[in-house]
Structure formats: structure tokens, C-alpha cells
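Here is a short tour to read alongside the sequence and the coordinates. Have the viewer open and follow along as we go.

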There are 2 protein chains.
Amino acid sequence: MRYFINDLSKYVGEQVELKGWVYNSRASKKIKFLQLRDGTGTLQCIFFKGECDESAFEKFNDLTQETSLKVTGVVREQPNKPGVFELGASNFEVIGSSVDYPITPKEHGIDFLMNHRHLWLRSKKQHAAIKVRAKLVTAIRDFFDGRGFTLTDAPIFTPNACEGTTDLFETKYFDEKAYLSQSGQLYMEATSAAFGKSYCFGPTFRAEKSKTRRHLIEFWMVEPEVAFNDIYDNMDLAEQFVEYIIQRTLKECPDELKTLERDITKLSVIKAPFPRIHYKEAVEIIKKENSDFVDGEDFGGADETILSSKHEKPVFIHHFPAAIKAFYMKEDEENPKYSMSCDLLATEGYGEIIGGGQREDSLEKLLSKINEHELSPDDFSWYTDLRKYGGHPSAGFGLGLERTVAWVCGLSHVRETIPFPRMYGRQYP
Amino acid sequence: MRYFINDLSKYVGEQVELKGWVYNSRASKKIKFLQLRDGTGTLQCIFFKGECDESAFEKFNDLTQETSLKVTGVVREQPNKPGVFELGASNFEVIGSSVDYPITPKEHGIDFLMNHRHLWLRSKKQHAAIKVRAKLVTAIRDFFDGRGFTLTDAPIFTPNACEGTTDLFETKYFDEKAYLSQSGQLYMEATSAAFGKSYCFGPTFRAEKSKTRRHLIEFWMVEPEVAFNDIYDNMDLAEQFVEYIIQRTLKECPDELKTLERDITKLSVIKAPFPRIHYKEAVEIIKKENSDFVDGEDFGGADETILSSKHEKPVFIHHFPAAIKAFYMKEDEENPKYSMSCDLLATEGYGEIIGGGQREDSLEKLLSKINEHELSPDDFSWYTDLRKYGGHPSAGFGLGLERTVAWVCGLSHVRETIPFPRMYGRQYP
């Protein structure tokens, strides 16, 4: 029988054996305190002279930071802290020593910490951020699974580029070339025609030679697609989805968000509906504060911040110029200069977390877009098939997991939102 | 308000509008039957002369296979089939036509079907297999999330090989090289030291130039790891896990398994504990039927079948020779020729679905193994750090999703277990 710290409330008064690592320790003549970390929580273990094994008292000084050990004792509630438990420890046994553990309570530079990511994950805030990430993943999957969506994993190896070729990672695929997927979106159109509502959730890749606080080379994206949905259905779905994952994480990760010192009042207001702004209107708002902005172009990070700072909820920007969107985005029939696209900007300057829209359902227009973008129609013949055999409106979106984790955790950089970040110039550890 | 076929029991007697595709149709003078498919189910829609719109009767012949359309009518229970619903249809409107849909009820060759995978997914058995896959994924995640494991995604880009370099996909990672991950296992040792119990679940890659019914180039693997577990804890965990995912899928996918004509009596017996056989004992069993087998070598598919055919439950084979296992596998201290490894063979000849074991926790032995395997100690210095700072026993395993789906669905080839399979010579669609 293995005991874990987050489970000890069931074993009050019982003798248990715990396995973990030294998080901290302090000692006086008559009493020694060990903060034991086992990955599920930390526990105060108290060795009282006379009450514990004598040898435990003698060898207590061997317990350097991150030494692994086995501790035995009796579980008890802390006298003045109902619901908080401690161990009346009787003895311990060292499993693995730890000499000069590199991450000490003093300040370390970010490069040092990133080089020690495999150990840095044991630190409180890093641990909390990855716990929030895991909870967000569960919430994301539960949202879609609970609403009749079918998970249909998209392939990573693709023979062609769907969002332009500059940022692609290429690999030799036997006698051909293959590119690493930037999006499962095209594939989700095929699967939503088979399953009605589908989603994929996996790693995607962009070979961006830029070091910004919002970019990773390798990041996870969830991409739902619904057959027969239009852009407005899509925004309805996206706002219900974002409300659900935020509110559930707030409810289920209070300790982690406290550790991260997150101001949760900023998150508790994230409830549908969200404001919706046409690109044209967004341009007017931006121009008042950034006179350099050129109508028709995509927003920079600062422009996104101008837009999101006006609201306490995330903001949809819709109908971006067709020229700056992917080939598969449907034209606005009332004004073909614009597309049926919609992005969602998070609050507090965290930027775009969702990109999506309605897909071009006209075979003719799609073929001419493929041409315009200088893509090979043969590569996409399976995709155009979807218009030939029972074509239909279709809409969906992609939510970037790491940016969402950064937003929820209040982290200034995405590098702390994934266990082992891959960035320009970094693929270690 | 959007209605879906799998949800119609709530709307008996109500007028609804459904969107979907023509699955089948037949007509007589006074009555026309449409089988409507919307991805969540199929529904019989009945047009009665005199009761439906006259135009519906006239244009009914336009409804070729996979035409997309909108159908209106009233939901009713089928007279002699309680729990089965149909639509008393009043009218329909075509959304997208479908001329010469390539997949007809007649037999097609496998290459043709694979080239039309984007459409083949709409067929009943393919649809059912992917539904089972999605349910297995949910069951896998629920098992680990419900037992205190933390999801810690492993990176896809890795600077080095963990299982040997021959089967690796290589890509240019800016000025360096990167390889696509074959396993997240090493990373899970770091995260289980931070979280106690961790798992990753993502795509992994093997550049195998072989076309077999058990191999994909790109496949999904779930890899749990538990700090302080040994090989026996690991087998306990693996058998509880396999029981859970099989029994839950049996319970929640009865219709899909029926569509797939799966003999579920073969699955309902999959309950822990599973038989456990030492490699030495397995060799004796194999040699009786395959005199060519050489003691010390790995099993071939036929050898696995010999072993699994003796049991109605999956079988663990443990303590494989160290020489045929990865560098990180712990030596058996009683006989260093063997390793603390354990694989699980599925029943009915479906082969190995789990590989795992206990990790080498001695820094000295690990360094000498890294040397023996001609790997660079620098590349693995983060990994050896885990032994320097509070090292400990650790064990885990990897379960291949696609082989498990094939087993549960009773499919003879893994190519039908993933929406868009990647195999030697195939990356389309």
C-alpha cells in the first residue's frame, strides 16, 4: 500500500510510510522539522526528541535539499489548522542523496533555470503552472467529449503546407518530403463531415526564428470543427468553451492559482457572451492610439493590447481582410475584401488565443484561392473532394494551449507553460 | 437551435430541422425512405405522399449518396421498435450535391479506400472504429487523471535518440539537428520526480521501412511513470489500467462493437490479474513450437502469438535480456544478463501493446550503459541529474494506442485505427 500526501486526510491516526524528497528542513535541539515533497503535496514531518527513533535525530543533518527518502510516522491534523495534516514522524531512511542541488532559494537567471528545467519543475510555481495546464487539458477534452464531439487526431506528417510554407519544419519521409503539421484544421473538415462535430488536440509546429514571450516552436492546439456551422455559431461555441475551461480551472485549481499569485477576480468575470468587433471597427479603435497602423494589415501584439484593454472580457475580432488569412477562409459574400474569420483576444494583454472562422464551401472559389496562393491542387484534391460530395458550410477554430495557460496563470512568458519548451535556439533538456 | 440524430429521444412529437448527408434512399409510388446520416447517427426519414410537401416527392431522385441536405419533420418513435426514432418528414432542401460518390456499396481495393480515407471515414465500420478509438482515449485519460497522475506533455523535438538511432526522423532545427520523439519516457522520469505520478500522451514516430499490419510511422502512445515504483508495482498498474480501459469501452461502445462484429466475449474476460511469465520460461514455451527461436533474442510476431494463444487474458513477459532492451532499463541485480523490463501481449495474437519496466537508478551503471550504447553523456546530462539529486527507483510503461484499438475492434490491420494513417509510402490524404 502506497500513501500519497494529498490523500492523507483518510489516514488520520494511522501509521504510514511516505516516499518523497526533502523540500526544506530546520532543526533545534529538541525538535526537527522536515518539509517532505512527494509531487502530490508537501507535508510537515515533525521529529520530537524522545518520541522518534534516536538515529533519526542523529542523521537529520544528512537531509540536504532534494534528498529522496522514506519517512514513517503517524498522520495527525495540525492543532490550529483544521484540514491541514502533518506527520508525527518516527524515523526515516535515505533512498538517494542530493549534493549541491543546483536550484537554491536564491535568485537564478532564466537561462540557468531553463537549462535545469528537469529540476526546475519541482519548484512551487513551476509545479503549479503545469498542474493548471493539466487541468485545462482535462477541461478542454471534457467540454468537447460532453457535447458530442468526436476526437479525431490529425496527422503530424503532411505532404503540404496549409498556412504558408515559410515557417515549416521539413523532414525526409522515405523517398518524399514531409512537413510537420501547423494545424489539423483541413483534416477536421473531413472528420466533421463524418462525425458531425469533431476535434483534434495535439502538438503543432512553427519554425519561427523569433524569441518572443508568446511564441514556441512546438505548441499544443485544440481544433474543433462543426459541419453546417457558420461564423456566428462558431463564435457562440468558442465563447461557451472559453467560459467553461476558465471557470472550471478557477474552481478546481484554487491552490495552484494562489501559489502563482494570480488575481482571480480578473478571471471570474470571463463569462459568455463576449464582445464582437468587426475588423473595420477594430481598425478605428487602434488608429486612435497607434497612428502607424495600416488598415488591411494584421494586428501586432501592441494593437491586440489596445483592443483587449477596453474590455474585462475576451474580445472577438471578426471579418479580417481576406488577404491576410489562409486560403480556405470563406469570403464575406457582402464584401469579398473581408473573410468570415474570427479571432479571440484574451484579456489583460495576453493576446490572441483563438483563431478560426467559416471555411470556403464553394468549390470554384476554393480552387481559385489554391491557385492564388500558389499551392498545388493535386496536394489538396482530397480537401476539395469535401466540396464535391455533399459540401456544406463548416466552421471551427484553434485554441493555443500555452497562451491560454499563460493567461490563466498570469505568466508573462509561454516558456513556463509547457514541461519542456522548444524555442528558437533551445531544445534542451 | 441545432438538432442532432443521437439526441432526438428528447424531441418526440416535435417539429425539427436536421442537417446531414444521404446515407441511402429507396422509393415507391406512395412512400419514400431516406436514411439520413449526420455523423452522430443515422435516421430513417419517411416521406408519405399527401402528408409531405409535394415538391419533396418530385425532387427525391436528386438525393444521390452523400448529398448534403436539410430535412424538416416531426420526430416519432418507430411503431414496433421502442427506443428507435424516425422522422415523419415534411420537406427537404439540398445544400450540396454529390455526383458519383466514389465509395459505393460494392467492394473496393484497400489502396483505393486508403486514397479516399477522407471519405471512407463516413462508412459505418470506419466510423465505429474511430469512435472506439476516441472512447479509449477518454478512458485512458480518465484512468490516470482519476488516480492522481499529472499530464506532462513530452517534447516532440529531441536532440538525441533514446531507443537507438536507426529509425529516427531527422529535421533541421535552425542551426542544429533535431529528431522526432520515439518516446517521452526519459522526460516522464523528470516529471514523475516533480509530480510523483505523471504521464504523457502524444504522437511518436518511427521511420520503419516495413509494411506490416502492426506498424505505423506515426502513432500515439500513452506513457505513465511513477516515482519509487518497481517492476512489480508497474505490472500491477498496467493490468489495472488495461482492465479499466477495456471494460469501460465494452460498456460505452456496444453499438460500435456490434457494427464491427466484434466477439465481445473475448474482451469481457480481460480482468486483472494477468499471467506473468519470465523471459526464460517464455523461451521454453516458444521453442516447443518454433525450434528456430534463439534464446536471448527478441520475439517475433509469431512467437508472441505462441505465448498469447495459451491464455484468454493478456500475458506479461518480464525480465527480457538486457542486451535487447534500451540503455535506461535496470539490470536484474540477481542476474545482470536480464533486465527489469516487462511487456504485455494482448490476446488473440494482437501482439505487444505495452512495453515498460523499471529504470536504472544507479548513476554509475547508467553512465556505463550510455557509454556502451555509444550515446553522448552530454546529451543525457539532464537525465543523469535525476540520479544525482534524490535518485530513486522509478518504473513506467508505454501503451500503443493504435494496436490497442485494433485489438478492441478486432481489426486485422492498424491502418484503420487512426483517422489518417501514416505508413511507409503513404502520407496522403
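A:Glu334 counts as exposed because its relative accessibility is 77%, where exposed means over 50% relative accessible area, buried under 20% and partly exposed in between (1.4 Å probe, protein chains only). You will find A:Glu334 in the loop between strand 13 (315-318) and strand 14 (341-345) of chain A; helices (H or I, at least four residues) and strands (E, at least two) are DSSP runs, numbered from the N terminus. Between the C-alpha atoms of A:Glu334 and A:Asp53 there are 82 Å, with 281 residues separating the two along the chain.

A word on the ground rules: this is a predicted model, in which local features need pLDDT of at least 70 and side-chain atom pairs count only at pLDDT 80 or more, while totals for chains, interfaces and linings use all residues. Residues are numbered from 1 along each chain as its sequence is written, chains are lettered from A and ligands numbered from 1 in the order in which they are written, and side-chain values use heavy atoms, with hydrogens and water left out.

Now to the place where the two chains meet. The table collects its totals.

| Feature of the chain A and chain B interface | Value |
|---|---|
| Residues in contact (heavy atoms within 4.5 Å) | 99 residues from chain A, 99 residues from chain B |
| Buried area (accessible area, 1.4 Å probe, that two parts lose on being put together, summed over both) | about 7600 Å² |
| Salt bridges (side-chain nitrogen of Lys or Arg within 4 Å of a carboxyl oxygen of Asp or Glu) | 2 salt bridges |

Of the area buried between chain A and chain B, 62% is on carbon and sulfur atoms. On the chain A side, A:Phe228, A:Tyr389 and A:Gln427 lose the most area to chain B, together 11% of what that side buries. One salt bridge joins the side chains of A:Arg133 and B:Asp153, at 2.7 Å from N to O.

What about the interior? Neighbours within four places in sequence aside, A:Val242 is in contact with residues including A:Ile270, A:Phe274 and A:Trp407.

Finally, look at helix 13 (residues 401-409) of chain B: 8 of its 9 residues are buried, so this helix is largely enclosed by the rest of the structure. Among the buried ones are B:Leu401, B:Glu402 and B:Trp407. After helix 13 of chain B comes B:Gly410, with a positive phi near 70°.
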